[in-house]
Amino acid sequence: VSAGGDPVELVMEAGGEIAGRVVDADGQPAEDAFLIAERAGGPGPGGASGAADEGEGRFVLRDVAAGRYVLQAQASGRGEASISGVRVVVGKRTAVGTLRLQGGGIVRGTVVDADGQGIPGATVIAERDLNMQSGELTDQTGSTGAFEIRGVPAGRVSVMASHPAFASPKPSVAEVDPGKEAVALRIVLLEGGRVEGRAVHRD
C-alpha cells in the first residue's frame with residue numbers, strides 16, 4: 001500500500017444458504033442459539049455466522065461461499081451441537097435438518113480480591129476457544145462473589161473474570177465433563193492502576 005497508489009478491485013462471488021432448526025435436549029426450540037459455519041479443514045474465507053431468529057428455533061445463514069463446512073450451534077445454558085460435511089452450492093439452499101443441543105457441564109466458583117473478599121458485580125465469561133466470538137457463556141457474580149455457568153461445552157474451557165475497579169487476570173483453564181462433579185474455580189482480581197494521557201496528530 002502506498003499513498004496515491006493504484007485502486008483495488010474486489011470481485012464479489014455469489015453464495016448459497018444453510019438452513020435448519022435448533023432445539024435443546026428436551027426438544028424445545030432454542031431461539032437464542034447462535035450458529036457458526038467454518039470451512040472444513042481449517043480457517044479460511046467464506047465462513048458465516050448468525051442466530052436462530054426465524055422463529056421456532058429456525059435459522060438461515062445467507063451469502064455463504066461455496067464449499068464444505070462444519071456447522072456449530074450453541075445456546076447459553078443449554079449446550080451445543082455440531083454437524084460436519086455441510087456442502088454449500090452457489091444459488092441454492094442447503095437444509096441440514098434439526099440440530100439437537102447436548103446439555104453441557106457446569107463451571108462455578110467465586111471471584112475475590114487480594115484479601116479473599118468476594119467481589120460482587122464481576123462479569124465471568126466461559127469460552128471453549130477464542131475463535132467463538134459469539135454465543136459465549138456468561139454470569140454475573142452475586143453479593144458473595146459467587147458465580148455459576150451452566151451448559152458449558154465439554155472439554156478445555158477458558159474462564160475470564162472482569163470488573164471495572166480491578167485489573168483483569170489471565171484466563172483460568174477448566175476441564176469440563178458433564179458426567180462429573182461441577183468444576184469449581186477461585187479467581188483473584190487485583191486492584192489496577194490508571195494510565196492517563198493525550199492523543200495528538202503528528203503535527
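Strands, like helices, are DSSP runs numbered from the N terminus, where a helix (H or I) has at least four residues and a strand (E) at least two. The model on display is predicted: local features need pLDDT of at least 70, side-chain atom pairs count only at pLDDT 80 or more, and totals for chains, interfaces and linings use all residues. Residues are numbered from 1 along each chain as its sequence is written, and side-chain values use heavy atoms, with hydrogens and water left out.

**The whole chain**

Begin with the entire chain in cartoon view. The chain holds 16 strands and zero helices. Its radius of gyration, taken over C-alpha atoms, is 21 Å, well over the 17 Å that the globule rule gives for 203 residues, so the chain is more spread out than a compact globule; that rule is 2.2 Å times the number of residues to the power 0.38. Along the principal axes, the C-alpha trace spans about 65 × 60 × 30 Å.

Next, display the surface. The chain exposes about 12,600 Å², of which carbon and sulfur atoms supply 47%; accessible areas come from the Shrake-Rupley method with a 1.4 Å probe, and for residues only the protein chains shown count as cover. Of the 203 residues, 33% count as buried. Buried means under 20% relative accessible area, exposed means over 50%, and partly exposed lies in between (1.4 Å probe, protein chains only).

Contacts may be drawn next, a contact being heavy atoms within 4.5 Å. Among contacts between residues at least 6 apart in sequence, 60% join residues at least 24 apart.

**The largest nonpolar core**

A nonpolar core is a set of buried Ala, Val, Leu, Ile, Met, Phe, Trp, Tyr and Cys residues joined through side-chain atoms within 4.5 Å. In soluble globular proteins, nonpolar side chains tend to be buried together.

Select Ile-18, Val-22, Phe-59 and Leu-71, which touch the most other members among the 21 residues of the largest core. Two or more residues of this core come from each of strands E1 (16-23), E2 (34-39), E4 (58-64), E5 (67-75), E6 (79-88) and E7 (93-100). The greatest contribution is that of E5, with four residues.

Now centre the view on Val-22. Beyond its neighbours within four places in sequence, Val-22 is in contact with Gln-28, Pro-29, Ala-30, Ala-33, Leu-35, Gly-57, Phe-59, Ala-73, Leu-99 and Leu-101. Apart from this core lies another, of 20 residues, among them Val-124, Ala-161, Phe-166 and Val-176.

**Leu-35**

Move to Leu-35, in strand E2. Leu-35 counts as buried because its relative accessibility is 0%. Residues up to four places away in sequence aside, Leu-35 touches Val-22, Ala-48, Ser-49, Gly-50, Ala-51, Ala-52, Phe-59, Leu-71, Gln-72 and Ala-73. A distance drawn from Leu-35 to Ala-48, C-alpha to C-alpha, is 8.3 Å, and the two residues are 13 apart in sequence.

Select Glu-56, in the loop between strand E3 (48-51) and E4. Phi of Glu-56 is near 55 degrees, a positive value in a residue other than glycine. With a relative accessible area of 41%, Glu-56 is partly exposed. Leaving aside neighbours within four places in sequence, Glu-56 is in contact with Arg-21, Pro-29 and Glu-31. The C-alpha atoms of Glu-56 and Arg-21 are separated by 7.7 Å, although these residues are 35 apart along the chain.

Continue to Asp-63, in strand E4. Its phi is near 55 degrees, a positive value in a residue other than glycine. Asp-63 is exposed, with a relative accessible area of 69%. Not counting residues up to four places away in sequence, Asp-63 touches Gly-15 and Gly-16. Its C-alpha atom is separated by 10.0 Å from that of Val-88, 25 residues away along the chain.

**Ala-126**

End the tour at Ala-126, in strand E9 (residues 123-127). Ala-126 is buried, with a relative accessible area of 3%. The C-alpha atoms of Ala-126 and Ala-161, 35 residues apart along the chain, are separated by 9.0 Å.
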